[in-house]
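Please keep the sequence and the structure in view while reading.

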Amino acid sequence: MDCIFDKIIAGEIPSKKVYEDNFVFAFYDIHPIAPVHVLIIPKKHIESINDLEEGDVEIVGNMFLAAKKIAFDLGIAEKGYKLLVRTGRDGGQEVPHIHMHLLGGARLREDIGPVK
Ligand SMILES: [Zn+2]
(Lines give C-alpha, C1' and ligand atoms only; values in the text may rest on other atoms or scores of the structure.)
Protein backbone atom coordinates (compact mmCIF):
# COMPACT_ATOMS: atom_id res chain seq x y z
CA MET A 1 0.00 0.00 0.00
CA ASP A 2 1.36 3.39 -0.93
CA CYS A 3 -0.04 5.65 1.77
CA ILE A 4 2.03 8.64 2.86
CA PHE A 5 0.49 8.61 6.35
CA ASP A 6 1.26 4.91 6.84
CA LYS A 7 4.87 5.71 5.98
CA ILE A 8 4.90 8.56 8.50
CA ILE A 9 3.54 6.22 11.20
CA ALA A 10 6.21 3.66 10.30
CA GLY A 11 8.91 6.33 10.44
CA GLU A 12 9.79 5.82 6.79
CA ILE A 13 8.95 9.46 6.17
CA PRO A 14 10.15 11.86 8.88
CA SER A 15 7.63 13.95 10.79
CA LYS A 16 7.56 16.17 13.84
CA LYS A 17 5.69 13.83 16.17
CA VAL A 18 3.45 15.40 18.77
CA TYR A 19 1.74 12.39 20.28
CA GLU A 20 1.38 8.63 19.90
CA ASP A 21 -0.58 5.85 21.59
CA ASN A 22 -1.85 2.41 20.59
CA PHE A 23 -4.52 3.83 18.28
CA VAL A 24 -3.33 7.24 17.21
CA PHE A 25 -0.34 9.08 15.79
CA ALA A 26 -0.12 12.88 15.67
CA PHE A 27 2.37 15.23 14.04
CA TYR A 28 2.73 18.84 12.93
CA ASP A 29 1.28 19.65 9.51
CA ILE A 30 4.08 20.62 7.13
CA HIS A 31 1.89 23.39 5.65
CA PRO A 32 0.34 24.97 8.76
CA ILE A 33 -2.66 27.24 8.32
CA ALA A 34 -2.73 28.24 12.00
CA PRO A 35 -0.10 28.87 14.70
CA VAL A 36 -0.88 25.37 15.98
CA HIS A 37 -1.73 22.84 13.25
CA VAL A 38 -1.47 19.17 14.15
CA LEU A 39 -2.73 16.16 12.20
CA ILE A 40 -4.19 13.33 14.28
CA ILE A 41 -4.43 10.07 12.37
CA PRO A 42 -5.50 6.53 13.25
CA LYS A 43 -2.71 3.94 13.05
CA LYS A 44 -5.14 1.70 11.20
CA HIS A 45 -5.40 2.65 7.53
CA ILE A 46 -8.96 3.86 7.03
CA GLU A 47 -9.48 5.90 3.89
CA SER A 48 -12.22 8.23 5.04
CA ILE A 49 -15.15 8.64 7.40
CA ASN A 50 -17.17 6.84 4.71
CA ASP A 51 -15.12 3.70 5.36
CA LEU A 52 -15.61 3.58 9.15
CA GLU A 53 -17.05 0.38 10.60
CA GLU A 54 -18.71 -0.41 13.93
CA GLY A 55 -15.45 -1.88 15.21
CA ASP A 56 -13.65 1.41 14.66
CA VAL A 57 -15.52 3.22 17.43
CA GLU A 58 -12.60 2.87 19.86
CA ILE A 59 -10.24 4.36 17.29
CA VAL A 60 -12.46 7.36 16.67
CA GLY A 61 -12.95 7.93 20.40
CA ASN A 62 -9.21 7.86 20.94
CA MET A 63 -8.68 10.41 18.16
CA PHE A 64 -10.82 12.87 20.12
CA LEU A 65 -9.07 12.03 23.40
CA ALA A 66 -5.72 12.55 21.68
CA ALA A 67 -6.94 15.95 20.45
CA LYS A 68 -7.79 16.93 24.02
CA LYS A 69 -4.42 15.76 25.38
CA ILE A 70 -2.48 17.55 22.64
CA ALA A 71 -4.49 20.75 23.13
CA PHE A 72 -3.58 20.75 26.82
CA ASP A 73 0.05 19.82 26.14
CA LEU A 74 0.42 22.67 23.64
CA GLY A 75 -1.33 25.17 25.90
CA ILE A 76 -4.30 25.97 23.67
CA ALA A 77 -7.03 24.04 25.47
CA GLU A 78 -8.34 26.93 27.52
CA LYS A 79 -8.54 29.48 24.69
CA GLY A 80 -10.02 26.92 22.32
CA TYR A 81 -9.33 25.22 19.04
CA LYS A 82 -11.00 23.69 16.00
CA LEU A 83 -11.12 20.05 14.94
CA LEU A 84 -11.68 19.42 11.24
CA VAL A 85 -12.09 16.14 9.36
CA ARG A 86 -12.40 16.45 5.58
CA THR A 87 -14.13 13.70 3.61
CA GLY A 88 -13.97 13.10 -0.13
CA ARG A 89 -13.60 15.57 -2.96
CA ASP A 90 -16.22 18.08 -1.91
CA GLY A 91 -14.89 18.00 1.64
CA GLY A 92 -11.41 18.80 0.38
CA GLN A 93 -9.75 15.60 1.59
CA GLU A 94 -6.33 15.28 -0.06
CA VAL A 95 -4.80 12.21 1.62
CA PRO A 96 -6.94 9.03 1.59
CA HIS A 97 -6.28 8.16 5.25
CA ILE A 98 -8.56 9.71 7.88
CA HIS A 99 -6.93 12.73 9.50
CA MET A 100 -8.23 15.18 12.05
CA HIS A 101 -6.81 18.70 11.87
CA LEU A 102 -6.25 20.30 15.27
CA LEU A 103 -6.12 24.04 14.68
CA GLY A 104 -5.50 26.72 17.27
CA GLY A 105 -3.20 29.32 18.71
CA ALA A 106 -5.23 32.17 17.24
CA ARG A 107 -8.84 33.19 16.69
CA LEU A 108 -9.83 31.22 13.57
CA ARG A 109 -12.18 32.43 10.88
CA GLU A 110 -15.03 30.22 9.71
CA ASP A 111 -13.88 29.64 6.13
CA ILE A 112 -16.56 27.19 5.14
CA GLY A 113 -19.05 27.12 2.28
CA PRO A 114 -18.90 26.46 -1.45
CA VAL A 115 -15.80 27.24 -3.50
CA LYS A 116 -16.28 30.55 -5.31
ZN1 LIG B 1 -2.90 5.01 5.30
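## A pairing in the sheet

Which residue in S5 is the bridge partner of Val36? In this predicted model, the partner of Val36 is Gly104. That bridge belongs to the pairing of strand S3, residues 36-42, with strand S5, residues 100-104, which is antiparallel and runs over five bridges. Within the pairing, His37 stands opposite Leu103 of S5.

S3 is also joined to S2, again by five bridges and with the two strands running antiparallel. Here Phe27 is the residue that stands opposite Leu39 in S3.

## The sheet as a whole

These pairings are part of an open sheet of five strands, ordered S1-S2-S3-S5-S4, in which the pairing is antiparallel. Strand S1 (17-20) and strand S4 (81-85) stand at the edges and have a single partner strand each, so one side of each lacks a neighbour in the sheet. On average, and with direction ignored, neighbouring strands of the sheet are turned by 20° against each other. As background, strands of a sheet pair through backbone hydrogen bonds, in either a parallel or an antiparallel sense.

## Strand S3 and Leu39

Five of the seven residues of S3 are buried, so this strand is largely enclosed by the rest of the structure. Leu39 lies in S3, and Leu39 counts as buried because 20 other C-beta atoms lie within 10 Å, where 20 or more is the cut-off for a buried residue.

When neighbours within four places in sequence are left aside, the contacts of Leu39 are Ala26, Phe27, Asp29, His99 and His101. Leu39 and His97, separated by 58 residues in sequence, are 11 Å apart in space from C-alpha to C-alpha.

## The nonpolar core

The largest nonpolar core contains 20 residues, and those that touch the most other members are Ala26, Val38, Ile40, Ala66, Ala67, Ile70 and Leu102. At least two residues of this core come from each of helix H1 (4-10), strand S2 (24-28), S3, helix H2 (57-73) and S5. The most is given by H2, which supplies five residues.

## The chain overall

The secondary structure of the chain comprises three helices and five strands, which follow one another along the sequence in the pattern α-β-β-β-α-β-α-β. The radius of gyration is 14 Å, close to the 13 Å given by the globule rule for 116 residues, so the chain is as compact as a globular protein of that length. Along its principal axes, the C-alpha trace spans about 35 × 35 × 30 Å.

Of the 116 residues in the chain, 21% are buried. If the contacts between residues at least 6 apart in sequence are taken together, 59% of them join residues at least 24 apart.

How values were computed. Residues numbered from 1 in each chain as written. Predicted model: local features only at pLDDT ≥ 70, side-chain atom pairs only at ≥ 80, totals over all residues. Pairing = 2+ DSSP bridges. Helix = DSSP H or I, 4+ residues; strand = E, 2+ residues; numbered from the N terminus. Axes fitted to C-alpha atoms, helices over the stretch in contact; angles between N-to-C directions. Core = buried A, V, L, I, M, F, W, Y, C linked by C-beta atoms within 7 Å. Buried ≥ 20, exposed ≤ 12 C-beta atoms within 10 Å, placed from the backbone. Rg over C-alpha atoms; globule rule 2.2 N^0.38 Å. Contact = placed C-beta atoms within 7 Å.
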